[in-house]
Amino acid sequence: MNNIYLTGFMGTGKTSVGELLAQRTGWSFVDLDVRIAERQGMSIADIFARKGESFFRALEKKILKETAGLTEQVVSCGGGIVLDPENRTLMKRTGRIVCLTARPEVILERTRESLHRPLLNVKDPVQKIAELLGERAACYAQADLMVDTSELNIRQVVETIITGGIPK
Ligand code: S3P
């Protein structure tokens, strides 16, 4: 299987970069969060609020499995997908993982108005971002390629990925 999985924290540009990367490669574009919301018939925020995070994680894992059965897709993943080691193994086996990063202050700026991101809809989002980045750093670092998007526009990020040899 030959896929590109875009991982990385909320606000690092996975969806916008994924759409353009799919155009450039001619591969199909998949937004996993959109699939999850469609499958459940509810927004991501509502899934978290009504069903809880562990229900969301189980659904995320199931839909990743289904998606990974196809090839030549650019898959934009939710920021927490890398937490599950089986998800990471599956992504490695069925494609390459590109992790987008950004400095914490850039993440804060880009996610400031995002009410649809339940994990950041808290009293102190700065503290929450720092906490989650700390917990997840080692998981994000297992990607095949890391791209810091802090100072780059979408086109430049896509060029960096292609120059980095993805896809081959
Ligand atoms: C999450 C990131 C979100 C979404 C959910 C959980 C996370 O996706 O999957 O709110 O755990 O980081 P984006 O990274 O696309 O915002």
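This is a predicted model: local features need pLDDT of at least 70, side-chain atom pairs count only at pLDDT 80 or more; totals for chains, interfaces and linings use all residues.
A polar contact is a pair of N or O atoms within 3.5 Å.

**The ligand**

Please select the ligand and then Gly79. A backbone N or O atom of Gly79 is found 2.9 Å from an oxygen atom of the ligand. Next, select Gly80, where a polar backbone atom lies 3.3 Å from a ligand oxygen atom. Asp33 contributes through its side chain instead: an N or O atom there is 2.8 Å from an oxygen atom of the ligand. The protein buries 94% of the 380 Å² that the ligand exposes when taken alone.

Now display the surroundings of the ligand. There are 14 residues around the ligand, and those that come nearest are Lys14, Asp33, Arg57, Arg117 and Arg136.

**The strands**

Select strand β4, residues 96-101, together with strand β1, residues 4-8; the two pair in the parallel sense over 5 bridges. Within this pairing, Gly8 stands opposite Leu100 of β4.

In soluble globular proteins, nonpolar side chains tend to be buried together. In this model, the largest nonpolar core holds 35 residues, of which Tyr5, Leu32 and Met91 touch the most other members. Elements giving two or more residues to this core include α3 (44-51), α4 (53-67), α5 (85-93), β4 and α7 (125-140).

Which residues does Met91 touch, if those up to four places away in sequence are not counted? Select Met91 and look for Tyr5, Thr7, Leu64, Cys77, Ile81, Val82, Arg96 and Ile97.

**Arg35**

The last stop is Arg35, which is placed in helix α2. Is Arg35 buried, partly exposed or exposed? Its relative accessibility is 35%, so Arg35 counts as partly exposed, since that class lies between the limits of under 20% for buried and over 50% for exposed.

Arg35 and Ile63 are 28 residues apart in sequence, and their C-alpha atoms are 7.5 Å apart in space. Leaving aside neighbours within four places in sequence, Arg35 is in contact with Ile63, Val30 and Thr67.

Note on methods: Residues are numbered from 1 along each chain as its sequence is written. Side-chain values use heavy atoms; hydrogens and water are left out. Two strands pair if DSSP finds at least two bridges between them. Helices (H or I, at least four residues) and strands (E, at least two) are DSSP runs, numbered from the N terminus. A nonpolar core is a set of buried Ala, Val, Leu, Ile, Met, Phe, Trp, Tyr and Cys residues joined through side-chain atoms within 4.5 Å. Buried means under 20% relative accessible area, exposed over 50%, partly exposed in between (1.4 Å probe, protein chains only). Contact means heavy atoms within 4.5 Å. A residue is near a molecule or strand if one of its heavy atoms lies within 4 Å of it. A polar contact is a pair of N or O atoms within 3.5 Å; within protein, one must be able to donate a hydrogen and the other to accept it, and residues adjacent in sequence count only if both atoms are side-chain atoms. Accessible areas come from the Shrake-Rupley method with a 1.4 Å probe; for residues, only the protein chains shown count as cover.
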